[in-house]
Amino acid sequence: MKTSADPVRDYLAAVGREASALPADRRQELLADLAEHIEVARAERPGAAIGGILAELGDPRAIVATALAEAGPGARVRSGGDAPVPRGRVHPLVPLLMLTLSLLLTMVFPNHPGPLVGVLFRITGAVLLCTSVHWTAVRKTTGVLLTAVVPSAVIGVWNLSGTGSLSDSGAFAANLVTLALLACASAWLWRVRRTRLG
């Protein structure tokens, strides 16, 4: 059996063949993301076998199936020419605003319905972020962690520890720090969003 001199090139070529149904720009982005991931993994683990790194990435068919699923049910695949992936149903600014405003609503309206509306905004914003076509899976995961999970954990710990009753100025300062985290994470997500969707 013939063995390749460059297993990375062969792996990426296999992904490229499997991804022929994707629009050209999305296919190139997928291949660039995989190549970058492989390069980072090799740099972080210089002694690791390249075959092991490629096995961790998974089967090319599974990778492409995930990419097609991320494109959403309304995405058109390439048929003869390059058909663009349609724009997301929700503007990318909507989930970012919902995630940022969730805490602001709780701060402005500390009694009912502020906290309830804030939680609903946070959940809805996280769901819209996760189902959006404007970010890669890694950026979605990072975004949800920074804009939903970490702030919710901080607020939960603050409330359960009883620290919130020590002083209003301490609670206000903690809320401002959390709001700054939300704003910075949302600004980062806005900056790294996909702008070429068709």
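In this predicted model, the lining of the second largest pocket draws at least two residues from each of α5 (93-108), α6 (114-131), α7 and α8 (168-191). The biggest share comes from α8, which gives six residues to this lining. The pocket holds about 500 Å³ of space, and 20 residues line it, with Leu103, Thr106, Ile155, Asn159 and Asn175 closest to its centre. Sorted by class, the lining of the second largest pocket comprises 11 nonpolar, seven polar and two charged residues.

Two of the helices that supply this lining, α6 and α7, also pack against each other. Their axes come within 9 Å and cross at roughly 165°. An angle over 145 degrees counts as roughly antiparallel, and α6 and α7 are therefore roughly antiparallel to each other. The crossing of α6 and α7 is left-handed. On the α6 side, the contact is made by Arg122, Ala126, Leu129, Cys130 and Thr131; α7 contributes Lys140, Gly143, Val144, Thr147, Ala148, Ser152 and Ile155. By class, the contact of α6 with α7 has six nonpolar, four polar and two charged residues.

At least two lining residues come from each of α2 (24-44), α4 (60-71) and α7 (137-160), and α2 gives the most, with seven. The lining of the largest pocket divides into eight nonpolar, three polar and six charged residues. Helix α7 supplies at least two residues to the lining of the largest pocket and at least two to that of the second largest pocket.

Helix α2 has a packing partner of its own in α1 (residues 7-18), and the two axes come within 10 Å and cross at roughly 155°. The helices α1 and α2 are therefore roughly antiparallel to each other, and the crossing is right-handed. Here Val8, Tyr11, Leu12, Val15 and Gly16 of α1 meet Arg27, Leu30, Leu31, Leu34, Ala35, Ile38 and Arg42 of α2. The residues of this contact comprise nine nonpolar, one polar and two charged.

Methods. Residues are numbered from 1 along each chain as its sequence is written. This is a predicted model: local features need pLDDT of at least 70, side-chain atom pairs count only at pLDDT 80 or more; totals for chains, interfaces and linings use all residues. Side-chain values use heavy atoms; hydrogens and water are left out. Helices (H or I, at least four residues) and strands (E, at least two) are DSSP runs, numbered from the N terminus. Ala, Val, Leu, Ile, Met, Phe, Trp, Tyr, Cys and Pro count as nonpolar, Asp, Glu, Lys and Arg as charged, and the others, Gly among them, as polar. On a 1 Å grid over the protein atoms alone, a cavity is a set of points where a 1.4 Å probe fits but cannot get out, and a pocket is an open set with protein on both sides within 12 Å along at least five of seven lines; lining residues have an atom within 4 Å of a point. Grid points are joined across faces, edges and corners, and a volume is the space filled by probe spheres set on the points. Axes are lines fitted to C-alpha atoms, for helices over the stretch in contact, and angles run from 0 to 180 degrees between N-to-C directions. Angles under 35 degrees count as roughly parallel, over 145 as roughly antiparallel, 65 to 115 as roughly perpendicular and the rest as oblique. A crossing is left-handed if the near helix is turned anticlockwise from the far one by less than a right angle, and right-handed if clockwise. Contact means heavy atoms within 4.5 Å.
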